[in-house]
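Thanks for coming, everyone. Please take a look at the sequence and the structure on the screen. I'll walk you through it.

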Amino acid sequence: MSASKRNTPSSVHNKTTLQLTILGMNCGACVGRITRALNELDGIDGVEINLAAKTADIIVNDADIDSDTIIAAIAEAGYQASPIALANHE
């Protein structure tokens, strides 16, 4: 992946996994709030949150959603998120 590539899903309709670090997440209730906020977004195909590592793997299945929208939804739920990695699955 080139350094100039943004953390946005591919324009092709394949699955993309966006990995985020999430600050302020301390308990199972936090995980639930973040999961619910993400599952309300169109284009999210799955959410896997690791409380101990304070990370989330978000599987995106829609070219119309980008990392900024996902991070904004997490912020609205009360947490701060930043991208770690992006992987496309063909």
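Let's start with one side chain. At 38% relative accessibility, Lys15 counts as partly exposed. Here is how that scale works: buried is under 20% relative accessible area, exposed is over 50%, and partly exposed is in between, with a 1.4 Å probe and protein chains only.

A word on the source. This is a predicted model, where local features need pLDDT of at least 70, side-chain atom pairs count only at pLDDT 80 or more, and totals for chains, interfaces and linings use all residues. Residues are numbered from 1 along each chain as its sequence is written, and side-chain values use heavy atoms, with hydrogens and water left out.

Back to Lys15. Which residue does Lys15 form a salt bridge with? The partner is Asp45, and the closest N and O atoms are 3.0 Å apart. Lys15 sits in strand β1, residues 15-23, and Asp45 sits in strand β2, so this pair ties together parts that are 30 residues apart in sequence. Asp45 is partly exposed too, with a relative accessible area of 40%. A salt bridge here is a side-chain nitrogen of Lys or Arg within 4 Å of a carboxyl oxygen of Asp or Glu. By this rule the count comes to 1 salt bridge.

Lys15 and Gly43 are 28 residues apart along the chain, and their C-alpha atoms are separated by 9.8 Å.

**The whole chain**

Now step back. How many helices and strands are there in the protein chain? There are 2 helices and 4 strands. From the N terminus on, the order is β-α-β-β-α-β. These are DSSP runs, numbered from the N terminus: helices are H or I with at least four residues, strands are E with at least two.

The chain has 90 residues, and buried residues make up 36% of them. Now the contacts, meaning heavy atoms within 4.5 Å. Among contacts between residues at least 6 apart in sequence, 72% join residues at least 24 apart.

**The strands**

On to strand pairing. Two strands pair if DSSP finds at least two bridges between them. Where do the residues line up? Gly46 stands opposite Ile59 in β3. Val47 stands opposite Ile58 in β3.

β3 has another partner. β1 and β3 pair in the antiparallel sense, over 6 bridges. There, Leu20 stands opposite Ala56 in β3.

Look at the turn next. The hairpin of β2 and β3 has 4 residues between the strands. Lys54 lies in that loop. Its phi is near 60 degrees, a positive value in a residue other than glycine. Lys54 is partly exposed, with a relative accessible area of 28%.

**Helix α2**

Which residues are buried in helix α2, residues 67-76? They are Ser67, Ile70, Ile71, Ala73 and Ile74. They cover an arc of only 155 degrees around the axis, which puts them on the same side of α2. That arc is taken from the directions from the helix axis to the C-beta atoms. Some background: an α-helix has 3.6 residues a turn, so residues three or four places apart point the same way. Just after α2, Gly78 takes a positive phi of about 110 degrees.

**The cysteines**

Last topic. How many disulfides does the structure hold? The number is 0. A disulfide here is a pair of cysteine sulfur atoms within 2.5 Å. Cys27 is in no disulfide, and the nearest cysteine sulfur, that of Cys30, is 3.5 Å away. Is each one buried or exposed? Cys27 is partly exposed, with a relative accessible area of 32%. Cys30 is buried, with a relative accessible area of 6%.

That's the tour.
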